Number of protein chains: 2
Amino acid sequence: MSLRHALLGLLADRPQTGYDLNKRFEESLSRYAWHASHSHIYPELKRMTVDGLVEVVDEGTRGSKTYGITESGTAALREWMFIPKDGPVRSEAVLRLFLLSALEAEDARTLIDQVIAHAETESAELREAVQRIEAASQPGDKPPFARFAAEFGLRFQQLQRDWAQWAIDQLDESAMPTDDRGPSSD
Amino acid sequence: MSLRHALLGLLADRPQTGYDLNKRFEESLSRYAWHASHSHIYPELKRMTVDGLVEVVDEGTRGSKTYGITESGTAALREWMFIPKDGPVRSEAVLRLFLLSALEAEDARTLIDQVIAHAETESAELREAVQRIEAASQPGDKPPFARFAAEFGLRFQQLQRDWAQWAIDQLDESAMPTDDRGPSSD
DNA sequence: AACTGATATGTCAATGAGTACATGTCCAGA
DNA sequence: TCTGGACATGTACTCATTGACATATCAGTT
């Protein structure tokens, strides 16, 4: 039940409404760490309230409810954070990369190019996001959540590009072994 | 429905039994790309047979069924591979990293150390795996699937360590701003 | 002949998660 | 005053996934 802990983690920073939390998922968590949408978040907040992990600390004009983390919630989060276990992973992007080696050489090469282009687009977006964040922050501020996420994203996109290039090089090497023959006769 | 495509990808390499496929998930896909267990794999293979994406090409002594990819399956895989979309992501490990910034400074530091230690253990395991694989391979062989996965794993563990270190540095910087400009003007 | 561990495949109930549906407020600008 | 976009929260149905249960073969050992 990682969603629960994701919400606790966000609320540990400061109290927020379900709407706020949903936005923070969209801008950071959902991209690289843990996807969730509002239809999942709202009911979970309710359940967590029943379980005493969070509580409604304020109600706004439009029926909005601001949730805060309770002591019990803080303890639960801390406990979970220190479990060194990597839970199950799901990522279509990485899966696609892995299956690269199952394609024929030409297709694989085409796909690599596509992956690299896609990674570059994503990286450009992330760099813009970083600039927006840095521009809006005062010196001495704790960097906002989204800044950390963007940095992770940038590094991850770089990893994808590098790995894809490495993989295609491996495939090339095994396809045309050591004795190099030029563009020669057949 | 990524499981389906993961299975197609594995079967594109060569025909395999559900048992084989399950092992390959355990040793490669499940760790960094897409987790699945046998209780999920077997029924899916059946459904895929009905849908004509795979077919039973052989039956072994112990009731084992060897599945092969069909033309229709190859086409479906290829189509899916070239969609540039990153689907939803789920990774407890990354989630934990992200929530780092929600912890108190001391806790965050302790956790970083733990993350680094854990990453080192994983990396050591992966390096061993790589050695086993390289030792067993003949020059000119196409590198096996697990080799690609291990390489990805190594790079990903490195990313986790680097990012975690970067993150803690950011938190330190904002916690103790440099109101004195150091002796540097080198 | 019985045991053990790896091979090999399945089902099922309960939970997790995605998509679509559904409702309503507040505010700024046309 | 009307409209559209951001704010704000929910439900319902379906499908995906997990974990536990269940079965049986085979090879090598005791």
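Colleague: In β4(B), which residue is the bridge partner of A:Ser91?

Modeller: The model is a predicted one. Strand β4 of chain A, residues 89-91, pairs with β4(B) in the antiparallel sense over 3 bridges. Within β4(B), the partner of A:Ser91 is B:Val89.

Colleague: Which element gives the most to the side of chain B that touches chain A?

Modeller: The contact between the two chains takes 55 residues from chain A and 55 residues from chain B. On the chain B side, the elements that give two or more residues include α1 (2-13), α6 (105-136) and α7 (145-175). With 14 residues, the element that gives the most is α7(B).

Colleague: How many residues on the side of chain B that touches chain A are nonpolar?

Modeller: That side of chain B holds 55 residues. Of its residues, 13 are charged and 11 are polar. The nonpolar residues number 31.

Colleague: Which element gives the most to the surface near DNA strand D?

Modeller: DNA strand D is surrounded by 22 residues, and the closest are A:Gly18, A:Tyr19, A:Ser39, A:Ser64 and B:Ser39. At least two residues of this surface come from each of α2 (18-32) of chain A, α3 (38-50) of chain A and α3 (38-50) of chain B. With 4 residues, the element that gives the most is α3(A).

Key:
Residues numbered from 1 in each chain as written. Chains lettered and ligands numbered in written order. Predicted model: local features only at pLDDT ≥ 70, side-chain atom pairs only at ≥ 80, totals over all residues. Contact = placed C-beta atoms within 7 Å. Nonpolar A, V, L, I, M, F, W, Y, C, P; charged D, E, K, R; others polar. Pairing = 2+ DSSP bridges. Near = placed C-beta within 6 Å.
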